[in-house]
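This report looks at charged side-chain pairs. It takes the pairs one at a time and then turns to the overall count.

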Amino acid sequence: MTPLILGLAGLALSADERAFFRAADPAGYILFRRNVVDRAQLRALTDDLRALAGRDDLPILIDQEGGRVARMQPPEWPAFPPGTVFDAAYERAPMTAIQAMRANAQALAVMLREVGITVDCLPLLDVRQPGAHDIIGDRALGAEPLRVAALGRATIEGLRAGGVVGVVKHVPGHGRAMADSHVELPLVDAPDDVLQTDLAPFRALAGAPMAMTAHVVYTAWDRDACASLSPTIIRDIVRGRIGFDGFLMSDDLGMHALQGDFGARAAGVIAAGCDVGLHCSGDIAEMEACVAAVEAIAPRAQERLEAAMATIAGATDDAPFEALVARRDALLDYKLEG
């Protein structure tokens with residue numbers, strides 16, 4: 001198994017992709033809007049990927065957050081609210097917001113499981129800061145660590161109840177970055193004591209099954225490398241002070257925050273301590289460079305992956321999608337009226 005999670009180009013596997021993926025045996029796959037059109041197509045694609053891998057527990061990921069980050073779109077699939085809706089509900093009534101968030105996440109999971117997707121890159125545990133770049137913005141669950149942790153925990157629990165693994169991101173926190181890491185490398189120069197605010201939700205959810213790193217430089221911890229490429233941050237902050245021992249993936253290797261060729265990027269995140277690198281574009285030449293630059297997945301990384309996927313191996317809550325959405329909306333509407 002190769003320590004990479006890879007994207008693909010279209011709605012079905014091409015002959016070239018099939019041959020490449022069979023030889024590379026990536027740890028998992030991630031899907032985007034270019035890969036989805038309707039239920040029948042998407043189910044056929046995920047079944048095909050699992051048959052090719054020969055693993056029933058193959059992780060197939062998607063970024064289905066709600067709001068502006070949603071790969072599965074109306075009218076085929078319903079829209080979901082962004083994080084800021086639950087942040088506002090928490091302001092009015094914390095327990096009701098937590099229950100609404102749990103129902104929302106479970107509904108998301110039911111929708112994803114129907115088409116064979118088993119990992120959602122959610123929740124964001126980034127604590128929103130005034131004046132920061134809008135790349136986090138309304139995706140955040142709030143500006144208070146306790147609130148972010150409570151809503152994040154409800155998200156993971158709801159996803160798991162519906163048979164989907166959650167991914168906490170972007171460790172150790174993207175909320176105070178002044179730039180979009182898709183475009184350039186953000187630099188956070190806050191001192192260590194201030195950054196405790198950013199770490200707090202990740203500490204509270206250190207037992208999460210999966211996490212994704214931030215392509216952000218934190219000068220208090222490492223002036224020379226962003227978190228995804230920093231052995232110091234992954235060892236001392238992510239695995240050390242946060243205490244996260246789950247399956248750790250990088251953010252997308254194709255983001256412009258990173259420099260160098262794709263082989264160097266893939267090798268760099270693995271050398272820094274990520275269990276796998278994430279490559280999203282579906283460009284075969286880029287993926288070939290990544291695969292050529294890394295060795296087989298480390299035994300401990302594979303153990304973490306298997307442990308994360310085992311969290312959804314049992315029976316799921318069989319609550320129907322419509323009932324979960326109705327419960328979410330009733331909880332939110334009740335407090336709006338009250």
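Asp192 is partly exposed at 30% relative accessibility (partly exposed lies between buried, under 20% relative accessible area, and exposed, over 50%; 1.4 Å probe, protein chains only). Helices (H or I, at least four residues) and strands (E, at least two) are DSSP runs, numbered from the N terminus.

## Basis of the model

The model is predicted: local features need pLDDT of at least 70, side-chain atom pairs count only at pLDDT 80 or more, and totals for chains, interfaces and linings use all residues. Residues are numbered from 1 along each chain as its sequence is written, and side-chain values use heavy atoms, leaving out hydrogens and water.

## Glu76 and Arg39

Glu76 pairs with Arg39 in a salt bridge; their closest N and O atoms are 3.0 Å apart. This pair, too, links distant parts of the chain, 37 residues apart. Glu76 lies in the loop between β5 (69-70) and α3 (83-92), Arg39 in helix α2 (residues 39-53). Glu76 is partly exposed at 26%. Arg39 is partly exposed at 30%.

## Glu144 and Arg147

Glu144 and Arg147 form a salt bridge at 3.5 Å, N to O. Arg147 is buried at 7% relative accessibility, whereas Glu144 is partly exposed at 41%.

## Network and count

Salt bridges link Arg239, Asp245, Asp275, Arg300, Glu303 and Arg304 in a network. The salt-bridge count is 24.

Note on methods: Salt bridge = Lys/Arg side-chain N within 4 Å of Asp/Glu carboxyl O.
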